[in-house]
Every structure is written in structure tokens, then in C-alpha cells.
Amino acid sequence: MKIAVFGASGYTGRLAVAEARRRGIDVVLVGRGAERLRAAASDAGFQDAETRVADAEDHDALVAAFRDVDAVVNCAGPFARWGEGVVRAAIAAGSHHVDISGEQPYIRHVFDTFGAEAERAGVAVLPGITDDGLPSDLITALTAARVGGEAEEIAIAVDIASGGASRGTIRSMGAMRDTLIDGGLGYEDGELSPRAAARRKDIVLPGGSAPTAVVRFPLPAVVTVPRHVSTRHVEGLASQEVYELFTRLSPELAEQMPEGPTAAQRQAMRWAFAVEVLGAGGRSARGEVRGSDAYGTTAVIAVEAARRLAADGAPAGVLAPAQAFDAAGFLDFLGDHGVGWSVSDVRQ
Ligand SMILES: NC(=O)c1ccc[n+]([C@@H]2O[C@H](COP(=O)([O-])OP(=O)(O)OC[C@H]3O[C@@H](n4cnc5c(N)ncnc54)[C@H](OP(=O)(O)O)[C@@H]3O)[C@@H](O)[C@H]2O)c1
């Protein structure tokens with residue numbers, strides 16, 4: 001098995017390379033700068049790793065770089081700017097593709113654009129395979145299954161205790177600031193829409209004892225969950241504090257910041273999702289998933305997703321995490337990396 005990490009010289013790309021090495025997976029480092037790629041290989045203790053140069057806008061070079069790899073892990077953001085060409089090249093090369101985008105508009109665009117092409121090529125394309133997109137999608141699948149698989153209403157709320165953000169995150173979130181301010185998409189009666197109003201004004205966040213006030217927030221799971229759960233309504237939510245943390249970010253701020261959190265800051269990070277599902281039959285269930293180190297966990301998740309696609313295959317097309325992977329199996333695998341989850345009935 002061989003995987004390519006595109007954007008391997010970046011902050012998260014280097015963590016993904018180190019994770020692939022730790023797992024004993026043959027990895028090719030791909031990116032636009034030969035020297036930065038070699039430095040990234042050395043940083044990961046992988047001096048003899050293969051590097052291949054390709055810019056995100058050079059289709060032929062990308063296809064050549066991916067020609068013999070089973071799966072591509074794309075770590076080069078902002079994805080709204082650089083992501084589409086990498087998806088197209090991975091499909092052309094016949095490689096599965098996962099990316100670590102947290103950009104809800106881009107994730108929707110990949111679903112809307114590449115389904116037929118990926119199906120024809122027989123490959124799986126999974127956008128948003130991060131500590132955010134994958135656990136929130138999988139825990140929602142498990143929570144919806146608890147009420148019988150048919151939902152009237154799904155609320156997904158994120159909580160983050162941050163130890164800082166990488167320059168790449170600040171750049172990417174800053175570039176979609178208007179979407180963050182507006183709250184992004186909701187899902188209502190078969191459609192994703194920026195006008196779908198949130199029904200919840202508060203929710204008990206994981207570890208909380210009382211409801212916290214929440215506002216609409218552009219979570220990737222709002223796009224992915226309706227791909228596999230039959231539901232009339234999905235909303236993404238965050239506390240006012242998290243909303244303010246993200247809406248303060250801008251591309252200009254990115255240039256003044258260090259490349260990313262230190263290892264100690266990463267260990268101090270905490271993230272969590274609370275999911276509440278009202279079933280079509282009137283039953284309710286609640287799911288929670290929590291973890292730490294957003295960047296290290298994202299590297300683990302993206303590499304494991306690529307490994308599973310390469311080893312086990314998946315249906316061809318653009319897929320939500322729960323369409324490609326066994327939800328409980330993947331979340332349990334993450335238990336060794338500090339991720340915990342639970343699903344329980346909610347008594348009315
Ligand atoms: N939970 C989440 O949602 C989550 C978690 C982690 C990361 N992310 C996302 O992942 C992305 C990367 O973050 P990061 O902090 O790792 O960023 P970063 O350190 O800035 O790395 C970006 C990478 O992209 C490469 N790149 C940029 N433009 C390119 C081009 N035209 N052609 C080829 N390569 C290009 C850079 O190459 P050079 O080294 O040559 O500049 C670098 O390797 C961001 O969008 C971030 O939001 C999301």
C-alpha cells in the first residue's frame with residue numbers, strides 16, 4: 001500500500017507524514033517545493049522517503065505524482081483555493097482521496113461536483129476528514145440509529161477549548177469569514193440552505209450540567225449527515241464563545257502568527273460534539289464524542305481513513321464518513337488516541 005500526502009511540507013501535512021511512518025505505511029511526500037518536502041521528510045525521521053514536486057494548479061504534474069498511489073491525503077489549504085484541482089487529479093490517477101478541509105462551502109462543492117466522475121473512475125472521495133468532520137458525522141449516524149434511523153430533527157453542537165490554531169487554519173477560516181458570520185448552511189426538507197433557521201437556542205455541551213446558549217455554525221456534518229440519515233432537519237451549532245473565536249480570524253492575522261501550536265499547546269486542546277436526534281417516531285437520543293490535540297488527531301484520522309480505503313475499498317463516489325466506514329469501529333479505533341464517545345436514550 002502506498003499513500004501520497006499532498007501539502008506534506010505544511011504544519012498538518014508533516015504530522016500526517018509522521019503518522020504514516022509510525023503506522024509503517026509507504027508514503028510519498030508531494031508539494032510545490034522540493035526543499036521544503038525534503039526538510040519535512042527529515043523532520044519526520046524519514047530521510048529516505050520519496051518526494052515528488054507538483055503545484056496544486058498543475059494537473060499533469062499532480063496526476064503523475066499520484067499515478068501509483070492507492071490513496072491521496074490532501075493537506076494543502078485553503079481548500080476553496082487549492083482543493084478542487086487535487087480532487088480532479090486524484091480521480092484521474094485512479095486514487096482514492098481524503099482531505100482535511102474544515103471549510104463547509106468547499107465540502108459541499110466537492111459533493112455537488114465530483115460524484116459522477118469519482119463513480120466512473122471507481123474511487124472514493126471523502127472531503128472533511130478531520131477531528132471535526134469525521135467524528136461528528138459518525139456519532140450522528142450512531143445516534144440516529146438509536147432512534148430507528150429516521151429523524152425529524154438533528155442538532156449538532158461543537159465545543160472547543162483551544163490551545164491555538166495553525167496559520168493554515170487561520171488563513172482558511174479567515175477566507176470564509178462571511179460564512180462563519182452568517183452561520184453557513186442548514187438542512188431543511190431535502191435542501192441545504194443558508195436560510196434554514198436553527199430551532200435550538202441552547203444545548204447541554206459535553207461535560208456540561210446546564211444548557212449553553214448556541215448560535216448557527218457552519219459545521220461540515222450539516223453537509224455530510226443528510227447523505228446517510230433520513231431526516232427533515234439538520235443544524236450546526238456553537239457557543240457564542242466558539243463563534244467569536246472563529247469570526248475573529250482573518251488571512252491578515254495568519255501572517256502575524258507562528259506556524260502552529262507547540263506540542264504542549266496541542267496536548268492542552270480539547271474538542272467535543274453533542275448531538276441530539278429527535279426520531280420520526282418521537283424517540284430521542286443523544287450522542288457525545290470528545291478528544292484532544294485537534295491537529296495530531298486530524299493526522300491520525302486522515303491517515304487511517306486513507307489506509308482503510310486502500311486496504312478495504314469503499315463504494316465509488318463522493319462519500320460521507322459514515323458511508324465509507326463502520327462508525328463504531330472507526331470511533332473505537334480512535335480510543336487509543338484519546339477519543340471517547342457515547343450514545344444514550346433521552347427520556348422525554
Ligand atoms: N479540524 C479541521 O478542520 C482541520 C484540522 C487541521 C487542518 N485543517 C486544514 O488543513 C489545511 C492546512 O492547514 P496547515 O495548518 O497544515 O497549513 P500550512 O502549514 O499553511 O500548510 C499548507 C500546505 O499547503 C501547501 N500549499 C499551499 N499552496 C499550494 C500550492 N499552490 N501548491 C502546492 N502546495 C501548496 C503548502 O506548501 P508550502 O510548504 O510549499 O508553502 C503547505 O504544505 C487548512 O485548510 C486547515 O484549515 C483543518
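Tyr106 sits in helix H5 of this predicted model. With a relative accessibility of 5%, Tyr106 falls under the 20% limit and therefore counts as buried. Leaving aside residues up to four places away in sequence, Tyr106 touches Phe79, Ala80, Gly83, Glu84, Val87, Asp99 and Ser101. Tyr106 and Gly83 are 23 residues apart along the chain, and their C-alpha atoms are separated by 8.1 Å.

**Packing of H4 and H5**

- Helix H4 covers residues 79-93, and helix H5 covers residues 104-121.
- The axes of H4 and H5 are 10 Å apart and meet at an angle of about 10°.
- An angle under 35 degrees counts as roughly parallel, and H4 and H5 are therefore roughly parallel to each other.
- H4 contributes Phe79, Ala80, Gly83, Glu84, Val87, Arg88 and Ile91 to the contact.
- H5 contributes Tyr106, His109, Thr113, Phe114, Glu117, Ala118 and Ala121 to the contact.
- Sorted by class, the contact of H4 with H5 holds eight nonpolar, three polar and three charged residues.

**The parallel sheet**

- Seven strands make up an open sheet with parallel pairing, in the order E3-E2-E1-E4-E5-E6-E16.
- The edges are taken by strand E3 (50-53) and strand E16 (317-318); each has a single partner strand, so one side of each has no neighbour in the sheet.
- Strand E4 (residues 71-74) and strand E5 (residues 96-99) run parallel and are joined by four bridges.
- Asn74 has Asp99 of E5 as its bridge partner.
- Asp99 is also one of the residues that Tyr106 touches.

**Helices on the sheet**

- H4 lies across strand E1 (2-6), E4, E5 and strand E6 (124-126).
- The direction of H4 is at about 175° to E4.
- Helix H13 (residues 294-312) also packs on the sheet, where it touches E1, E4, E5 and E6.
- The direction of H13 makes about 165° with that of E5.

**Val303 in H13**

- Val303 is placed in helix H13.
- Its relative accessible area is 0%, so Val303 is buried.
- Not counting residues up to four places away in sequence, Val303 touches Ala16, Glu19, Ala20 and Ile25.
- Val303 and Trp341 are 38 residues apart along the chain, with 20 Å between their C-alpha atoms.

**Annotated region**

- An unreviewed UniProt entry lists residues 3-125 as "domain: Saccharopine dehydrogenase NADP binding".
- In the model, residues 3-125 are 51% helix and 20% strand.
- The end C-alpha atoms of residues 3-125 are 14 Å apart.

- Strand E14 (residues 270-279) is mostly covered, with seven of its 10 residues buried.
- Strand E7 (residues 150-161) runs antiparallel to E14, and 10 bridges join them.
- The bridge partner of Ala161 in E14 is Arg270.
- E14 also pairs with E15 in the antiparallel sense, over nine bridges.
- E14 and E15 form a hairpin, and four residues lie between the two strands.
- Gly282, in the turn of this hairpin, has a positive phi of about 95°.

**Helix H7**

- Helix H7 spans residues 167-175, and its buried residues are Ile170, Ser172, Met173 and Gly174.
- Among the elements covering these buried residues are helix H8 (177-182), helix H10 (240-247) and helix H11 (251-255).

**Backbone exceptions**

- Most residues other than glycine have a negative phi, and most peptide bonds are trans.
- Gly77 and Pro78 are joined by a cis peptide bond, with omega of about 0°.
- Pro78 is found in the loop between E4 and H4.
- Asp189 is not a glycine, yet its phi is positive, at about 45°.
- The loop that holds Asp189 runs between strand E8 (186-188) and strand E9 (191-193).
- Asp293, another residue other than glycine, has a positive phi near 40°.
- Asp293 lies in the loop between strand E15 (284-292) and H13.
- The relative accessible area of Asp293 is 8%, so Asp293 is buried.

Conventions
Residues numbered from 1 in each chain as written. Predicted model: local features only at pLDDT ≥ 70, side-chain atom pairs only at ≥ 80, totals over all residues. Heavy atoms only, no water. Pairing = 2+ DSSP bridges. Contact = heavy atoms within 4.5 Å. Axes fitted to C-alpha atoms, helices over the stretch in contact; angles between N-to-C directions. UniProt positions renumbered as here; feature names shortened; annotations may be inferred. Parallel < 35°, antiparallel > 145°, perpendicular 65-115°, else oblique. Nonpolar A, V, L, I, M, F, W, Y, C, P; charged D, E, K, R; others polar. Buried < 20%, exposed > 50% of the residue type's maximum accessible area, 1.4 Å probe, protein only.
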